[in-house]
Amino acid sequence: MSDPETSSSARRSLSALAPGLYVTATPIGNASDISLRALDVLKAADLVLCEDTRVTAKLFAIHGIEAKMAPYHDHNAAEMRPRILRRLEAGERIALVSDAGTPLISDPGFKLVREAVAAGHHVTTLPGASSVMAALTLAGLPTDRFFFGGFLSAKQEARRKELADLAAIPATLVFLESANRLAASLADMAAGLGAREAAVARELTKKFEEVRRGALADLARHYEETGAPKGEIVVVVGPPAPQAALCQHEIDAMIENALGRASLKDAVAEVVAMTGLPRREIYARALTLSEGAE
(Lines give C-alpha, C1' and ligand atoms only; values in the text may rest on other atoms or scores of the structure.)
Protein backbone atom coordinates (compact mmCIF):
# COMPACT_ATOMS: atom_id res chain seq x y z
CA MET A 1 0.00 0.00 0.00
CA SER A 2 1.39 3.39 -0.93
CA ASP A 3 2.15 5.99 1.72
CA PRO A 4 -0.39 8.78 2.12
CA GLU A 5 0.58 12.15 0.75
CA THR A 6 2.00 14.55 3.27
CA SER A 7 -0.29 17.42 4.14
CA SER A 8 2.10 19.96 2.61
CA SER A 9 2.34 18.18 -0.75
CA ALA A 10 -1.40 17.59 -0.76
CA ARG A 11 -2.00 21.27 -0.14
CA ARG A 12 0.33 22.22 -2.97
CA SER A 13 -1.51 19.90 -5.39
CA LEU A 14 -4.89 21.28 -4.32
CA SER A 15 -3.75 24.85 -4.76
CA ALA A 16 -3.64 24.03 -8.49
CA LEU A 17 -6.56 21.62 -8.62
CA ALA A 18 -6.54 19.82 -11.96
CA PRO A 19 -9.55 20.05 -14.28
CA GLY A 20 -11.92 17.12 -13.94
CA LEU A 21 -14.78 15.55 -12.05
CA TYR A 22 -14.36 14.95 -8.31
CA VAL A 23 -16.81 12.45 -6.79
CA THR A 24 -16.86 13.68 -3.20
CA ALA A 25 -18.25 11.96 -0.11
CA THR A 26 -20.00 14.13 2.47
CA PRO A 27 -21.16 13.31 6.03
CA ILE A 28 -24.15 11.03 6.62
CA GLY A 29 -25.08 12.88 9.80
CA ASN A 30 -22.26 14.33 11.85
CA ALA A 31 -20.92 17.35 9.95
CA SER A 32 -17.39 16.66 11.22
CA ASP A 33 -17.20 13.41 9.24
CA ILE A 34 -15.70 14.97 6.13
CA SER A 35 -12.09 14.67 5.03
CA LEU A 36 -9.65 17.56 4.86
CA ARG A 37 -9.08 16.77 1.19
CA ALA A 38 -12.82 16.94 0.48
CA LEU A 39 -13.03 20.35 2.15
CA ASP A 40 -10.14 21.63 0.05
CA VAL A 41 -11.61 20.31 -3.21
CA LEU A 42 -15.05 21.74 -2.47
CA LYS A 43 -13.51 25.15 -1.76
CA ALA A 44 -11.43 25.07 -4.95
CA ALA A 45 -14.09 23.67 -7.30
CA ASP A 46 -15.55 25.88 -10.02
CA LEU A 47 -18.90 24.16 -9.50
CA VAL A 48 -20.39 21.72 -6.99
CA LEU A 49 -23.22 19.50 -8.23
CA CYS A 50 -25.74 18.66 -5.50
CA GLU A 51 -28.89 16.58 -5.15
CA ASP A 52 -30.45 19.43 -3.20
CA THR A 53 -28.55 22.71 -3.00
CA ARG A 54 -30.39 23.62 0.23
CA VAL A 55 -29.01 20.53 1.99
CA THR A 56 -25.47 21.11 0.73
CA ALA A 57 -25.68 24.82 1.61
CA LYS A 58 -26.08 23.89 5.29
CA LEU A 59 -22.89 21.82 5.17
CA PHE A 60 -21.08 24.64 3.36
CA ALA A 61 -22.18 27.15 6.00
CA ILE A 62 -20.74 24.97 8.77
CA HIS A 63 -17.36 24.66 7.04
CA GLY A 64 -17.12 28.14 5.53
CA ILE A 65 -17.36 27.02 1.89
CA GLU A 66 -18.59 29.53 -0.69
CA ALA A 67 -18.43 27.45 -3.86
CA LYS A 68 -20.98 27.86 -6.63
CA MET A 69 -23.64 25.12 -6.57
CA ALA A 70 -26.03 23.64 -9.12
CA PRO A 71 -28.66 20.89 -8.75
CA TYR A 72 -28.00 17.48 -10.26
CA HIS A 73 -30.63 14.83 -9.56
CA ASP A 74 -32.78 12.20 -11.25
CA HIS A 75 -35.23 14.75 -12.64
CA ASN A 76 -32.72 17.02 -14.41
CA ALA A 77 -29.74 14.71 -15.00
CA ALA A 78 -30.40 14.10 -18.72
CA GLU A 79 -30.59 17.84 -19.35
CA MET A 80 -27.62 18.72 -17.12
CA ARG A 81 -25.08 16.11 -18.30
CA PRO A 82 -24.29 17.73 -21.68
CA ARG A 83 -23.77 21.09 -19.95
CA ILE A 84 -21.47 19.56 -17.36
CA LEU A 85 -19.46 17.75 -20.02
CA ARG A 86 -19.01 21.05 -21.90
CA ARG A 87 -17.73 22.68 -18.73
CA LEU A 88 -15.30 19.82 -18.17
CA GLU A 89 -14.15 20.21 -21.78
CA ALA A 90 -13.50 23.88 -21.01
CA GLY A 91 -11.14 22.87 -18.19
CA GLU A 92 -13.33 23.42 -15.15
CA ARG A 93 -13.01 21.59 -11.81
CA ILE A 94 -16.41 20.10 -10.88
CA ALA A 95 -17.29 18.27 -7.66
CA LEU A 96 -20.26 15.90 -7.36
CA VAL A 97 -21.85 15.39 -3.93
CA SER A 98 -25.00 13.71 -2.66
CA ASP A 99 -27.22 14.91 0.16
CA ALA A 100 -25.37 12.56 2.49
CA GLY A 101 -22.60 9.99 2.16
CA THR A 102 -20.86 8.69 -0.94
CA PRO A 103 -22.32 9.73 -4.32
CA LEU A 104 -23.67 7.07 -6.71
CA ILE A 105 -24.59 4.65 -3.88
CA SER A 106 -28.39 4.66 -4.41
CA ASP A 107 -27.93 8.23 -5.66
CA PRO A 108 -27.70 9.73 -9.16
CA GLY A 109 -24.32 10.07 -10.82
CA PHE A 110 -23.10 6.89 -12.49
CA LYS A 111 -24.13 8.06 -15.98
CA LEU A 112 -22.23 11.30 -15.49
CA VAL A 113 -19.13 9.42 -14.36
CA ARG A 114 -19.44 7.00 -17.29
CA GLU A 115 -19.79 9.78 -19.86
CA ALA A 116 -17.00 11.86 -18.34
CA VAL A 117 -14.67 8.86 -18.49
CA ALA A 118 -15.73 8.10 -22.07
CA ALA A 119 -14.95 11.69 -23.04
CA GLY A 120 -11.46 11.35 -21.63
CA HIS A 121 -11.88 13.69 -18.67
CA HIS A 122 -10.03 13.24 -15.39
CA VAL A 123 -12.36 11.55 -12.87
CA THR A 124 -11.39 10.73 -9.31
CA THR A 125 -13.04 10.00 -5.97
CA LEU A 126 -12.69 11.52 -2.54
CA PRO A 127 -13.81 8.65 -0.29
CA GLY A 128 -15.55 9.14 3.01
CA ALA A 129 -18.76 8.48 4.90
CA SER A 130 -21.20 5.79 3.72
CA SER A 131 -24.28 4.59 5.56
CA VAL A 132 -23.82 1.13 4.03
CA MET A 133 -20.31 0.71 5.43
CA ALA A 134 -21.20 2.33 8.74
CA ALA A 135 -24.11 -0.06 9.29
CA LEU A 136 -21.98 -3.07 8.34
CA THR A 137 -19.34 -2.17 10.91
CA LEU A 138 -21.95 -1.85 13.68
CA ALA A 139 -24.26 -4.77 12.88
CA GLY A 140 -22.10 -7.49 14.41
CA LEU A 141 -22.69 -9.70 11.37
CA PRO A 142 -20.17 -11.21 8.91
CA THR A 143 -18.50 -8.55 6.76
CA ASP A 144 -16.11 -10.65 4.67
CA ARG A 145 -18.72 -10.84 1.90
CA PHE A 146 -21.80 -8.67 1.47
CA PHE A 147 -24.38 -7.70 -1.14
CA PHE A 148 -25.94 -4.23 -1.29
CA GLY A 149 -29.58 -4.46 -2.33
CA GLY A 150 -30.44 -0.77 -2.18
CA PHE A 151 -34.15 -0.04 -1.66
CA LEU A 152 -36.55 -2.95 -2.02
CA SER A 153 -39.77 -2.39 -3.93
CA ALA A 154 -42.55 -0.54 -2.15
CA LYS A 155 -45.11 -3.09 -3.35
CA GLN A 156 -45.26 -6.30 -1.34
CA GLU A 157 -45.55 -8.75 -4.26
CA ALA A 158 -42.54 -7.26 -6.05
CA ARG A 159 -40.60 -7.01 -2.79
CA ARG A 160 -41.16 -10.68 -2.01
CA LYS A 161 -39.97 -11.66 -5.47
CA GLU A 162 -36.82 -9.56 -5.03
CA LEU A 163 -36.13 -11.24 -1.70
CA ALA A 164 -36.65 -14.69 -3.23
CA ASP A 165 -34.02 -13.83 -5.84
CA LEU A 166 -31.58 -12.80 -3.08
CA ALA A 167 -32.26 -15.64 -0.64
CA ALA A 168 -29.53 -17.98 -1.86
CA ILE A 169 -26.72 -15.39 -1.97
CA PRO A 170 -24.05 -16.64 0.48
CA ALA A 171 -23.36 -13.21 1.92
CA THR A 172 -24.62 -10.59 4.35
CA LEU A 173 -27.36 -8.48 2.74
CA VAL A 174 -27.63 -4.71 3.17
CA PHE A 175 -30.76 -2.70 2.37
CA LEU A 176 -31.92 0.88 2.67
CA GLU A 177 -35.51 1.28 3.84
CA SER A 178 -38.02 3.98 4.60
CA ALA A 179 -39.42 4.19 8.12
CA ASN A 180 -43.05 3.65 7.14
CA ARG A 181 -42.24 0.41 5.28
CA LEU A 182 -39.76 -0.99 7.80
CA ALA A 183 -42.06 -3.36 9.70
CA ALA A 184 -43.61 -4.79 6.52
CA SER A 185 -40.21 -5.23 4.86
CA LEU A 186 -38.77 -6.99 7.90
CA ALA A 187 -41.77 -9.32 7.97
CA ASP A 188 -41.27 -10.15 4.28
CA MET A 189 -37.56 -10.71 4.93
CA ALA A 190 -38.39 -13.12 7.74
CA ALA A 191 -40.78 -15.01 5.46
CA GLY A 192 -38.53 -15.03 2.41
CA LEU A 193 -35.04 -15.29 3.90
CA GLY A 194 -35.77 -17.49 6.91
CA ALA A 195 -34.64 -17.27 10.52
CA ARG A 196 -31.65 -15.00 10.14
CA GLU A 197 -29.99 -12.56 12.50
CA ALA A 198 -30.25 -8.94 11.45
CA ALA A 199 -29.66 -5.36 12.57
CA VAL A 200 -31.63 -2.17 12.00
CA ALA A 201 -29.38 0.89 12.10
CA ARG A 202 -30.80 4.40 12.12
CA GLU A 203 -29.60 7.97 12.64
CA LEU A 204 -26.01 6.78 12.17
CA THR A 205 -23.37 9.25 13.48
CA LYS A 206 -26.12 11.49 14.88
CA LYS A 207 -27.11 12.20 18.48
CA PHE A 208 -29.82 9.53 18.59
CA GLU A 209 -27.91 6.81 16.74
CA GLU A 210 -29.45 3.40 17.37
CA VAL A 211 -28.68 -0.14 16.25
CA ARG A 212 -31.26 -2.78 17.17
CA ARG A 213 -30.13 -6.38 16.68
CA GLY A 214 -32.08 -9.62 16.69
CA ALA A 215 -33.88 -12.22 14.58
CA LEU A 216 -35.76 -10.84 11.57
CA ALA A 217 -39.13 -11.99 12.92
CA ASP A 218 -38.45 -10.36 16.31
CA LEU A 219 -37.39 -7.10 14.69
CA ALA A 220 -40.49 -7.11 12.48
CA ARG A 221 -42.67 -7.65 15.55
CA HIS A 222 -40.94 -4.84 17.45
CA TYR A 223 -41.46 -2.22 14.76
CA GLU A 224 -45.01 -3.38 14.13
CA GLU A 225 -45.76 -2.75 17.80
CA THR A 226 -43.78 0.48 18.29
CA GLY A 227 -44.51 2.08 14.92
CA ALA A 228 -42.23 3.65 12.35
CA PRO A 229 -38.96 4.97 13.81
CA LYS A 230 -37.44 8.31 12.89
CA GLY A 231 -34.40 8.88 10.71
CA GLU A 232 -32.56 7.24 7.83
CA ILE A 233 -32.56 3.45 8.09
CA VAL A 234 -30.19 0.69 6.99
CA VAL A 235 -31.10 -2.99 7.44
CA VAL A 236 -28.30 -5.56 7.61
CA VAL A 237 -29.24 -9.26 7.33
CA GLY A 238 -26.87 -12.11 8.07
CA PRO A 239 -26.02 -14.73 5.42
CA PRO A 240 -27.97 -17.98 5.11
CA ALA A 241 -26.88 -20.81 7.37
CA PRO A 242 -24.94 -23.60 5.63
CA GLN A 243 -27.33 -26.32 4.55
CA ALA A 244 -26.81 -30.04 4.36
CA ALA A 245 -26.82 -31.39 0.84
CA LEU A 246 -30.31 -32.34 -0.34
CA CYS A 247 -30.96 -35.75 -1.82
CA GLN A 248 -32.76 -36.02 -5.17
CA HIS A 249 -35.94 -37.23 -3.48
CA GLU A 250 -36.06 -34.07 -1.33
CA ILE A 251 -35.40 -31.85 -4.35
CA ASP A 252 -38.14 -33.56 -6.35
CA ALA A 253 -40.57 -33.11 -3.47
CA MET A 254 -39.80 -29.37 -3.36
CA ILE A 255 -40.25 -29.07 -7.13
CA GLU A 256 -43.55 -30.97 -7.13
CA ASN A 257 -44.84 -28.88 -4.27
CA ALA A 258 -43.96 -25.67 -6.10
CA LEU A 259 -45.45 -26.93 -9.38
CA GLY A 260 -48.70 -27.57 -7.56
CA ARG A 261 -48.97 -23.87 -6.73
CA ALA A 262 -47.21 -22.01 -9.51
CA SER A 263 -46.24 -22.01 -13.16
CA LEU A 264 -43.15 -23.91 -14.31
CA LYS A 265 -41.12 -20.69 -14.48
CA ASP A 266 -42.17 -19.48 -11.03
CA ALA A 267 -41.77 -22.92 -9.49
CA VAL A 268 -38.22 -23.19 -10.79
CA ALA A 269 -37.38 -19.71 -9.45
CA GLU A 270 -38.80 -20.63 -6.04
CA VAL A 271 -36.81 -23.88 -5.74
CA VAL A 272 -33.61 -22.24 -6.98
CA ALA A 273 -34.01 -19.53 -4.32
CA MET A 274 -34.62 -22.16 -1.61
CA THR A 275 -31.80 -24.52 -2.55
CA GLY A 276 -29.18 -22.40 -4.27
CA LEU A 277 -28.87 -25.10 -6.95
CA PRO A 278 -28.22 -24.14 -10.59
CA ARG A 279 -31.36 -22.98 -12.42
CA ARG A 280 -30.57 -25.14 -15.45
CA GLU A 281 -30.51 -28.26 -13.24
CA ILE A 282 -33.80 -27.43 -11.49
CA TYR A 283 -35.50 -26.46 -14.74
CA ALA A 284 -34.58 -29.74 -16.42
CA ARG A 285 -35.84 -31.76 -13.47
CA ALA A 286 -39.04 -29.69 -13.19
CA LEU A 287 -39.72 -30.21 -16.88
CA THR A 288 -39.32 -33.97 -16.49
CA LEU A 289 -41.60 -34.09 -13.45
CA SER A 290 -44.27 -31.89 -15.05
CA GLU A 291 -44.30 -34.01 -18.22
CA GLY A 292 -44.52 -37.19 -16.16
CA ALA A 293 -47.55 -35.86 -14.34
CA GLU A 294 -49.47 -35.23 -17.58
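Start by selecting strand E2, residues 47-50, together with E3: the two pair in the parallel sense over 3 bridges. This is a predicted model. Zoom in on Val-48, which stands opposite Met-69 in E3.

**The parallel sheet**

**The whole chain**

Zoom out. The chain has 12 helices and 10 strands. Its C-alpha trace spans about 75 × 45 × 40 Å along the principal axes. Of its 294 residues, 39% count as buried.

Colour by charge next. There are 33 positive and 37 negative side chains. The centres of the two sets lie 5 Å apart. Contacts are worth a look too. Among those between residues at least 6 apart in sequence, 69% join residues at least 24 apart.

**The mixed sheet**

Move to the other group of strands. Here 5 strands form an open sheet in the order E6-E7-E10-E8-E9, with mixed pairing. E6 and E9 stand at the edges with a single partner strand each, so one side of each has no neighbour in the sheet. The twist averages 15° from one strand to the next.

Begin at the E6 end. E6 and E7 pair in the parallel sense over 5 bridges. Pick Gly-150: its bridge partner in E7 is Phe-175.

Now select strand E8, residues 197-202. Why is E8 largely enclosed by the rest of the structure? Because 5 of its 6 residues are buried. Check its two neighbours in turn. On one side, 6 bridges join E8 to strand E9 (residues 210-215), and the two run antiparallel. E8 is also joined to strand E10 (residues 233-237) by 5 bridges, again antiparallel.

Click on Ala-201, which has a bridge partner in each of these strands. In E9 the partner is Val-211. In E10 the partner is Val-234.

**Helices against the mixed sheet**

Show helix H9, residues 216-226. H9 lies across E8, E9 and E10, running at about 125° to E9.

Then select helix H6, residues 131-139. Which residues of H6 are buried? They are Val-132, Ala-134, Ala-135, Leu-136 and Ala-139. Display their side chains and see what they meet. The buried residues of H6 pack against strand E6 (146-151), strand E7 (172-177), E8, E9 and E10.

Finish just after H6, at Gly-140. This glycine takes a positive phi of about 75°.

How values were computed: Residues are numbered from 1 along each chain as its sequence is written. This is a predicted model: local features need pLDDT of at least 70, side-chain atom pairs count only at pLDDT 80 or more; totals for chains, interfaces and linings use all residues. Side-chain values use heavy atoms; hydrogens and water are left out. Buried means under 20% relative accessible area, exposed over 50%, partly exposed in between (1.4 Å probe, protein chains only). Helices (H or I, at least four residues) and strands (E, at least two) are DSSP runs, numbered from the N terminus. Two strands pair if DSSP finds at least two bridges between them. Contact means heavy atoms within 4.5 Å. Lys and Arg count as positive and Asp and Glu as negative; His and the chain ends are not counted. The place of a charge is taken as NZ of Lys, CZ of Arg, CG of Asp or CD of Glu. Axes are lines fitted to C-alpha atoms, for helices over the stretch in contact, and angles run from 0 to 180 degrees between N-to-C directions.
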